[in-house]
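Reader: I would like to understand how the words used for a structure follow from the values behind them. Could we go through some of them slowly?

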Amino acid sequence: MSQPGPRIVREQRTIRAMTRLYCRDHHRISDGLCEDCENLLGYALRRLGTCPFQEAKPVCNLCEVHCYSRSMRLRVQDVMRYSGPRMLLRHPLLSLWHMLDKLRPVPRLDWKTAGLKDKGGDSG
Ligand SMILES: [Zn+2]
């Protein structure tokens with residue numbers, strides 16, 4: 001298994017911090033995560049690890065590859081909506097990076113050369 005690049009590692013840190021923030025305020029967990037959030041985070045980290053763009057990755061909400069299942073997508077959107085603005089105060093550097101990422105061009109995936117099926121959902 002190949003190691004993720006710095007970009008993916010940073011995104012994993014960002015989503016981890018966001019999930020912590022969300023869980024702490026919504027589920028009253030002071031340290032770590034409740035089981036639900038732990039599952040959600042694990043899912044998000046795996047999706048990042050298998051993102052076909054890796055270092056050229058766009059921010060997830062602009063990406064054309066909808067690699068999240070519908071229910072997970074809704075949950076992660078909830079976390080991002082809540083934690084996004086709050087990240088600025090708590091993790092200004094991670095937020096700044098994320099804002100810069102939003103300015104990147106959104107790459108298009110050539111499905112044929114990438115050798116992917118048009119639907120995700122393999123559990124890897
Ligand atoms: Zn939680």
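Author: Helices here are DSSP runs of H or I with at least four residues, strands are runs of E with at least two, and both are numbered from the N terminus. This is a predicted model, in which local features need pLDDT of at least 70 and side-chain atom pairs count only at pLDDT 80 or more, while totals for chains, interfaces and linings use all residues. Residues are numbered from 1 along each chain as its sequence is written. Asp101 lies in helix α4, residues 92-102.

Reader: Why is Asp101 called partly exposed?

Author: A residue is buried if 20 or more other C-beta atoms, placed from the backbone, lie within 10 Å of its own, exposed if 12 or fewer, and partly exposed in between. Asp101 has 17 such atoms within 10 Å, and is therefore partly exposed.

Reader: What makes Cys60 buried?

Author: Cys60, found in the loop between α2 (35-49) and α3 (70-90), has 21 other C-beta atoms within 10 Å and is therefore buried. The C-alpha atoms of Cys60 and Asp101 are separated by 10.0 Å, although these residues are 41 apart along the chain.

Reader: Why is α1 called roughly perpendicular to α3?

Author: The axes, lines fitted to C-alpha atoms over the stretch in contact, with angles from 0 to 180 degrees between N-to-C directions, come within 9 Å and cross at roughly 105° for α1 (residues 6-27) and α3. Angles under 35 degrees count as roughly parallel, over 145 as roughly antiparallel, 65 to 115 as roughly perpendicular and the rest as oblique, so α1 is roughly perpendicular to α3.
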